[in-house]
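Biologist: Please take a close look at one part of this model for me. I would like to know about the place where the two chains meet.

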Protein chains: 2
Amino acid sequence: MRTHELVLAWIEKQLSDGHLVLGGRLPAERALAEKLEVSRTSVREAIRILEAMGVVRAGVGSGKDAGTIVIAEPGTALGSALRLHVATQHLPVADIVQTRILLESWAVSRARADAPELLEAGRLLDRMDASTAVDDFLALDVAFHLALAEAAGNAVVSTIMGSLREAIEGYAAALTLNLPDWDSTADRLRREHRAILAAVNHHDGGRAAELVAAHIEGYYREAGLGQDPAETTA
Amino acid sequence: MRTHELVLAWIEKQLSDGHLVLGGRLPAERALAEKLEVSRTSVREAIRILEAMGVVRAGVGSGKDAGTIVIAEPGTALGSALRLHVATQHLPVADIVQTRILLESWAVSRARADAPELLEAGRLLDRMDASTAVDDFLALDVAFHLALAEAAGNAVVSTIMGSLREAIEGYAAALTLNLPDWDSTADRLRREHRAILAAVNHHDGGRAAELVAAHIEGYYREAGLGQDPAETTA
């Protein structure tokens, strides 16, 4: 095991033993290096990796408030990893889209009609009605889909779902900006969102799943990233 | 953007532009540092992160064959990230199990009966018949489930599925080793695997999906990591 991996293993053990908890602070770089008898460079490399994994936020500032804090942002980490592997062309964009559809259909079919996230989803749709800037609209769109997914109560599904979207966000956004008629696309998306939320609120999980699948497929197809069934099943 | 992030962004751009491809070699640390006008430390930090993401394998040895190679091992990276977030208790084990069931049920219901991975799956079951050591058996078990998932032809689903399993492998393995009667557990798992593969081979995706869901639930339940429906839907 290389020295920075020793540091990683030690920190992971501290986390799983509960000695280091969410919001807690890692020992200072120098102290950790001395304790584990490794170089400060190795400690810093381990911390960079944990940052990339969304497990810590490295210290900024100095004095009493400085330090590296334990956080829980797996979505960003998974999104970056998936995005990098889409870039190497190891993971096809069509497979990402298909997986997103699978997870999101499942989530809306399991969403609990009394989940507070559904109220939030409704408020997001009201804000989208008033939103005209593309960037704004897309940010609200992400938040709406995430709220829907969270209403199913599975943190792993909503995390992965968010990261799949993030992994191909750059591709979709670039193409979305080139659409000939953004206003009519936005109107269609608004109507589809309302219909999905209505189905969930009426306890019709099957219908909600169908609608969300068609909605996501349509979005990526229009953005030029649609899945080709022949390709994804070949 | 911090300097090591500049290096990451540059490498990601090289990958997505196709200037750097699978099996290709990154510029040497010193050359990259000079080109991007950053320190060698920053280059090394970026490479450590890419290693952790399963995007490169850092150079070993020296001379003509040394260097950092582009690879594609997203499963390991996603597995480590998920495992770390299970350790911080941000992602519940029950949600990991439920997601694994979702993805694997989908995969067997979509597995193509003529996929070469199914022949491989059958060969793995023959080897499991002859396997008595727990470690051996479990390694073949992982390979069997992965072969089944790959038969559905979606690289993202099979990658995530493998990483979910890896994320809780440590917990499951520790408990599996404590089982009172490993031999009878192994016999049950063997029978269940045969039944799942038979359903897939007989084009009965619905049946295969039911069987695989019951099989995975039973496995984790016996290992003491079963999902509690009240907990996962609460």
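This is a predicted model: local features need pLDDT of at least 70, side-chain atom pairs count only at pLDDT 80 or more; totals for chains, interfaces and linings use all residues.

Modeller: Across the interface of chain B and chain A, 18 residue pairs are in polar contact, both residues of a pair having pLDDT 80 or more. Which elements of chain B supply the touching side? Those giving two or more residues are α1 (3-16), α3 (40-52), α4 (74-87), α5, α8 (155-176) and α11 (229-233) of chain B. Of these, α4(B) gives the most, with 10 residues.

The rule finds 6 salt bridges across the interface of chain B and chain A. One of the salt bridges in the model joins the side chains of R2(A) and E51(B), at 3.0 Å from N to O.

Now step back to the whole interface. In chain B, 57 residues are in contact with 56 residues of chain A. Together the two chains bury about 4800 Å². Carbon and sulfur atoms carry 66% of that area. Three residues stand out on the chain B side: M53(B), L84(B) and V156(B). They supply 12% of the area that chain B buries against chain A, more than any other three residues.

Next, look at α5(B), which is on the list of elements that touch chain A. The helix covers residues 93-110, 18 residues in all. From its first C-alpha to its last it reaches 26 Å, close to the 26 Å expected at 1.5 Å a residue. Is α5(B) largely enclosed or largely open? Of its 18 residues, 16 are buried, so the helix is largely enclosed by the rest of the structure.

Cross over to chain A and pick out one residue. I71(A) sits in the loop between β2 (69-70) and α4 (74-87) of chain A. Its relative accessible area is 11%; the cut-off for buried is under 20%, so I71(A) counts as buried. What does I71(A) touch? Leaving out residues up to four places away in sequence, its contacts are L22(A), G54(A), V55(A), V56(A), R57(A) and H85(B). R57(A) is 14 residues from I71(A) along the chain, yet their C-alpha atoms are separated by 6.5 Å.

Last, the layout of chain A. The domain assignment gives domain 1 (3-76) and domain 2 (89-231). Their C-alpha centres lie 35 Å apart.

Methods:
Residues are numbered from 1 along each chain as its sequence is written. Chains are lettered from A and ligands numbered from 1 in the order in which they are written. Side-chain values use heavy atoms; hydrogens and water are left out. Domain bounds come from an automatic or database domain assignment. Helices (H or I, at least four residues) and strands (E, at least two) are DSSP runs, numbered from the N terminus. The expected span of a helix is 1.5 Å times one less than its number of residues. Buried means under 20% relative accessible area, exposed over 50%, partly exposed in between (1.4 Å probe, protein chains only). Contact means heavy atoms within 4.5 Å. Buried area is the accessible area (1.4 Å probe) that two parts lose on being put together, summed over both. A salt bridge is a side-chain nitrogen of Lys or Arg within 4 Å of a carboxyl oxygen of Asp or Glu. A polar contact is a pair of N or O atoms within 3.5 Å; within protein, one must be able to donate a hydrogen and the other to accept it, and residues adjacent in sequence count only if both atoms are side-chain atoms.
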